[in-house]
Amino acid sequence: MVVVAQLVERWLVVPDVAGSSPVIHPMDVASSPVLSSTDLERDTTTDSRVAPDVPWQTIVWNDPVNLMSYVTHVFRSYFGYSKAEAERLMLQVHNDGRSVVATGPREEMERHTEAMHEYGLWATVDRAS
Amino acid sequence: MRIEPEITGVLIELTPMERRLLTTLLAQYDELVHDQLDDGDLAGDPALARLFPNAYPDDEEAAAEFRRYTRDGLVERKAANSGRISAALMASSDDERITVARDDAEHWLPALTDLRLVLAERLGIHRDSDPIPANELGDVYEWLGELQWALVEALD
């Protein structure tokens, strides 16, 4: 128990492990190339003249924490995707770094993103290209 | 740790030490997450950015609005998820096996992920190639992953 108490204590106070190397958030690492292209796209599309029915997307990004089986499980139970489709999307996240898991109206895509955040997945909202 | 599927749910057997570990981690997690009710910006602790990711990384205004509309609800639901685990642990004695209904077990999963997200930040695990440090905290991280993996197996 002593061991457990010690390590648990280190949990909330950021331990030296994280402080010894520059803290890089996964957002910075994985999204930088994608971000720049998205920025270009957004410059031309975040325009009030764009038709309101232009669809939006919920994008799930790869992270080093979530288990492949859990991500598949979430895609199946939340979106109701078949096992095959859920696995295809999970592998896309894993191999390509991201996957568009839903497309539709903005509010709906935000609801999905919020749900993904509840599941502990890294999700963002963007306009469909 | 032993996890077995049952007709109505999942049978979970944890050692007294595993139970205490989980209870302590969840209490600290609740504290961390609840701080979010008062403090909207995530500058303080990078672990929080993993629990509450930026939904619009290239649109600050939309990101802030998303945060405003979703944060309180997310905090509430994340706390409720971890509360399901705590409640199951509290309702059973140390040497007792826990039978968790399917619906409850579904709520265990995101709470376990969140614990791992915070631990990953503390352990400096930022990308797939980062090794899990060979220390106690790394062991806890891996143990939580095994627990979650077994639960998913039992539920699928």
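Q: Let's start with strand β1 of chain A. Which residues of β1(A) sit on one side and which on the other, and are they buried or exposed?

A: This is a predicted model, so keep that in mind as we go. W56(A), T58(A) and V60(A) lie on one side of β1(A), while Q57(A), I59(A) and W61(A) lie on the other, and all of them are buried. Both faces of the strand are covered, then. Taken as a whole, β1(A) spans residues 56–61, and six of its six residues are buried.

Q: And which strands does β1(A) pair with?

A: You can read pairing from the bridges. Strand β2 of chain A, residues 98–104, runs antiparallel to β1(A) and is joined to it by six bridges. In that pairing, I59(A) stands opposite V100(A). Strand β3 of chain A, residues 122–127, also pairs with β1(A) in the antiparallel sense, over six bridges. There, V60(A) stands opposite A123(A).

Q: Over to chain B. In what order do the strands of its open sheet come?

A: The order is β1-β2-β3, with antiparallel pairing. To spot an edge strand, look for pairing on one side only: here that's β1 (2–5) and β3 (98–101) of chain B. From one strand to the next, the twist averages 25°.

Q: How many bridges join β1(B) to β2(B), and what is the partner of I3(B)?

A: Four bridges link β1(B) with β2(B), residues 9–13, and the two run antiparallel. I3(B) has I12(B) of β2(B) as its bridge partner.

Q: Where does helix α5(B) lie relative to those strands?

A: Helix α5(B) lies across β1 and β2 of chain B, and runs at about 15° to β1(B).

Q: How do I describe two packed helices?

A: You give the angle between their axes and the distance between the axes. As for handedness, α4(A) passes α5(B) in a left-handed crossing.

Q: Which residues make that contact?

A: From α4(A), the contact uses S69(A), Y70(A) and H73(A). From α5(B), Q148(B), W149(B) and V152(B) take part.

Technical notes:
Residues are numbered from 1 along each chain as its sequence is written. Chains are lettered from A and ligands numbered from 1 in the order in which they are written. This is a predicted model: local features need pLDDT of at least 70, side-chain atom pairs count only at pLDDT 80 or more; totals for chains, interfaces and linings use all residues. A crossing is left-handed if the near helix is turned anticlockwise from the far one by less than a right angle, and right-handed if clockwise. Two residues are in contact if their C-beta atoms, placed from the backbone, lie within 7 Å. A residue is buried if 20 or more other C-beta atoms lie within 10 Å of its own, exposed if 12 or fewer, and partly exposed in between; C-beta atoms are placed from the backbone. Two strands pair if DSSP finds at least two bridges between them. Axes are lines fitted to C-alpha atoms, for helices over the stretch in contact, and angles run from 0 to 180 degrees between N-to-C directions.
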